[in-house]
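Visitor: Please take a close look at a single part of this model, and go through its contacts and surroundings in one connected account.

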Amino acid sequence: MDSVASVHIERYKPEHKEAWDAFVTGSKNGTFLLHRNYMEYHADRFVDHSLLFFRKNKLIALLPANEVGNAVHSHGGLTYGGIISGSSMKVALMLEVFEAMLSYFRAKGFRKLLYKAIPHLYHRLPAEEDLYALFRHQAVLYRRDVGSAIELQQQIGYTRTRRWQIAKASKSGINVAPSSDFDTFMQMEQQLLESKYNTRPVHSAAELQKLRSFFPDNIRLYTAHAGGDMVAGVVVYETEQVAHCQYIATTPAGRALYALDAIIHELLTQVYPHKKYFDFGISTEQQGQYLNEGLVSNKESYGARAVVHDFYELAL
């Protein structure tokens, strides 16, 4: 155990799993992505260096992290993963947590910390004490992604073109429903990503099915079928406040039928109207320097507006 002042640190070990997951569940800003079963589905790709922070033998914060050479990432395998804190976390205590964390990493010989903040959409309570601590330690903002989200209780509404497309989709005989056919969907997703962006999905169908077995209430697939064929689909990551589109895909036939419009409209009006936010995800590439204007315009046509996701580098 390492310590600075009253904050003590332990590196994560398997025997911490129960305490880790329980803390995430009760935290101000943790989601199911920060549970160990999600973090460890690709454990073979990362050298985990996650930390637990204690004060007076009470767990007060977590840092999901991995090491790459002389750098620490929080966490390279996750969409987000900064300090996870409980409702007792206040600004002065976060400054102590950062002092202890930086001292710990320096003593281990690391030269820099790459820090992914948790976007405020996912905070159950205000939890930006870490952003102030980053500022106090002269952390540099090196990447800013732009996402698009709808605040569901104050919707702006669809554009006229989007309303027309949804009306067309409603007359085309498309059937929108929950599905467990991740194999077919991920084949469609892979074909779409390879043809448009020359990339591949982060997850395989088998990985998504495994994750869904761990988190059946959080990972859901909604699909549109026409003539018995899957023509579009959306994988939704559902947290307490947010329905997030993790994967969105359609076929050429689906585009002609406006099948995705049918799915998104169903999700917004029938499945998730009780959520606080509907998050379409980011539309930026190249560390945030390139904005895919066609992609972001598509999301904005549903009434979504910008939410940023910040990444910091802190020299040790």
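Guide: At 12% relative accessibility, Asp310 counts as buried (under 20% relative accessible area, with exposed over 50% and partly exposed in between; 1.4 Å probe, protein chains only). The model is predicted, so local features need pLDDT of at least 70 and side-chain atom pairs 80 or more, while totals for chains, interfaces and linings use all residues. Residues are numbered from 1 along each chain as its sequence is written, and side-chain values use heavy atoms, without hydrogens and water.

Asp310 forms a salt bridge with Arg144, with 2.7 Å between the closest N and O atoms (a side-chain nitrogen of Lys or Arg within 4 Å of a carboxyl oxygen of Asp or Glu). Arg144 belongs to strand 10 (residues 140-151) and Asp310 to strand 18, so the pair ties together parts 166 residues apart in sequence. Strands are DSSP runs of E, at least two residues, and helices runs of H or I, at least four, numbered from the N terminus. Arg144 is partly exposed, at 39% relative accessible area.

Strand 18 (305-315) and helix 4 each supply at least two lining residues to the second largest pocket; strand 18 gives the most, four. A pocket is an open set of points on a 1 Å grid over the protein atoms alone, with protein on both sides within 12 Å along at least five of seven lines; lining residues have an atom within 4 Å of a point. This pocket has a volume of about 160 Å³. Its lining counts 15 residues, with Ile118, Pro119, His120, Glu128 and Leu131 nearest the centre.

Note on methods
On a 1 Å grid over the protein atoms alone, a cavity is a set of points where a 1.4 Å probe fits but cannot get out, and a pocket is an open set with protein on both sides within 12 Å along at least five of seven lines; lining residues have an atom within 4 Å of a point. Grid points are joined across faces, edges and corners, and a volume is the space filled by probe spheres set on the points.
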